[in-house]
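Hi,

Here is the structure I promised to pass on. Have a look at it first, and then read on for what turned up.

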Amino acid sequence: MREPQPRKRFAQHWLKSEKALNQIIKAADLSLDRVLEIGPGTGILTRRLLPGAQSVIAVEIDRNLCEKLAQQMGKIDNLLLIQGDILAMDLEEQLAMFPKFQNPNKVVANIPYNITGPIIEKLIGRISSPATKTFDLIVLLVQKEVAERLYAKPGSRAFGALSVRVQYLAECELICDVPAKAFYPPPKVDSAVVRLRPRIIEPPAINPEKLESLIKLGFGSKRKMLRNNLKGIIELDNLTKLLEKLQINPQCRAEDLSVAQWVVLSNNLQVDV
Ligand code: SAH
C-alpha cells in the first residue's frame, strides 16, 4: 500500500530510521505493558510496540490515517485505535468500554512537535495540579531544543522554567539524538528521544501555586541575578538573608538553583508571589 502523504497541519513527519525506532523500543523496556501511543501516523512505531506490549492504545487525530491504520491493523486484538485529538480527549472515558485496555502504564510516541508542551502537561500535569493517574514511563521523540531543556542540569544554559516544572514531576533523561534526516519529510530541527519517569519529589512544595509563580518570576529575565528578578516581591536585604540561610548564593541566577532549592525557597519565602 502506498504511504500517505504527510500533512503539515498535523505536524506529520514519518520516522524512517531503523536505529531510532530500535532505540525508542529499547528505552520503553516493554514487558506486558499497556502502552499509549500518541500519533501513530503510518503505524511504523506501533508495529514495533505490539509484539512486546500487552496492549497498545493508539490515538491519531487524522481521520484518513486512522482509516488506513484500521484497514491494515484493525484485526490485531491487542491494538485499540482511537481517532481524535489527544489534548481534547478524556482518555479514561474513551477507554471505559474496553476492559482490556484500562489504565495504560507507559507512553511511547513520536509526537507532533507543535503541541509538545501541552502533551507533556496532559501526561504529567502541572506543579499545582499533578496528573492523578501517572505513568511508570514516558518515552517521547521531541525536538532537540526541547529535549535539552527537559534533561538539563542546574547551572547549565538550557536549565529553564520548563526544566524545573517538568523535573518537579518527573525524572528526565536523554536516550539519544535523532537527526532531521531520520524523518520524511525532515523537520527543520534535529530531534532527540527522552525518557520521563513521573515520581513525587521530596520534600514537596507546601504551596504548589506559589512555587509555580515563583519559577515564572524567577526566570523572568534570564540574564539577571535571581534577586533582581524577585525584587518586586521581597526587599533585597531580606532576600539576601533568606538565600544565605538556605545556603543559596545570593548572586546566583535562576538557572543555578536545583529543583530542590526552588522548593525550599518557595517553602521559606514569607511573602505572597
Ligand atoms: N509516529 C509516526 C508519526 C509521527 S508524526 C512516526 O513516527 O512516523 C505525528 C503524528 O501525530 C501524526 O500522525 C499526526 O497526525 C498526529 N497528531 C497530530 N496532532 C495530534 C493530536 N492532537 N492528537 C493525536 N494525534 C495527533
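Is Gln247 buried or exposed? Keep in mind that this is a predicted model. Gln247 counts as exposed, because its relative accessibility is 71% and the exposed class begins over 50%. You'll find Gln247 in the loop that runs between helix H10 (236-245) and helix H11 (259-268).

As background, most residues other than glycine have a negative phi, and most peptide bonds are trans.

One runs from Tyr184 to Pro185, with omega near -10 degrees. Pro185 belongs to the loop between strand S10 (183-184) and strand S11 (191-198). Another joins Glu202 and Pro203, where omega is about -10 degrees. For Pro203, look in the loop between S11 and helix H8 (208-218).

Now the ligand. It is surrounded by 22 residues, and the closest are Gln12, Gly39, Glu60, Asp85 and Asn110.

- Asn110: a polar side-chain atom is 2.5 Å from an oxygen atom of the ligand.
- Ile86: a backbone N or O atom is 3.0 Å from a nitrogen atom of the ligand.
- Gly41: a polar backbone atom is 3.4 Å from an oxygen atom of the ligand.

On its own the ligand has 570 Å² of accessible area, and the protein covers 98% of that.

Next, the packing. The largest nonpolar core has 60 residues, and within it Trp262 and Leu265 touch the most other members. Helix H7 (residues 161-169) gives this core its largest share, five residues. What does Trp262 contact, leaving aside neighbours within four places in sequence? The list is Val164, Leu211, Leu214, Ile215, Gly218, Phe219, Leu226, Ala254 and Leu257. Apart from that core there is another, of 27 residues, with Ala28, Leu45, Leu49 and Val56 among them.

Two more residues before I stop. Asn105 is in the loop between helix H4 (91-95) and strand S5 (106-110). With a relative accessibility of 10%, Asn105 counts as buried, since the limit for that class is under 20%. Not counting residues up to four places away in sequence, Asn105 touches Asp33, Arg34, Phe135, Asp136 and Leu137.

Asp237, in helix H10, counts as exposed because its relative accessibility is 52%. Asp237 and Arg227 are ten residues apart in sequence, and their C-alpha atoms are 9.7 Å apart in space.

Over to you!

Notes
Residues are numbered from 1 along each chain as its sequence is written. This is a predicted model: local features need pLDDT of at least 70, side-chain atom pairs count only at pLDDT 80 or more; totals for chains, interfaces and linings use all residues. Side-chain values use heavy atoms; hydrogens and water are left out. A residue is near a molecule or strand if one of its heavy atoms lies within 4 Å of it. A polar contact is a pair of N or O atoms within 3.5 Å; within protein, one must be able to donate a hydrogen and the other to accept it, and residues adjacent in sequence count only if both atoms are side-chain atoms. Accessible areas come from the Shrake-Rupley method with a 1.4 Å probe; for residues, only the protein chains shown count as cover. Helices (H or I, at least four residues) and strands (E, at least two) are DSSP runs, numbered from the N terminus. Buried means under 20% relative accessible area, exposed over 50%, partly exposed in between (1.4 Å probe, protein chains only). A nonpolar core is a set of buried Ala, Val, Leu, Ile, Met, Phe, Trp, Tyr and Cys residues joined through side-chain atoms within 4.5 Å. Contact means heavy atoms within 4.5 Å.
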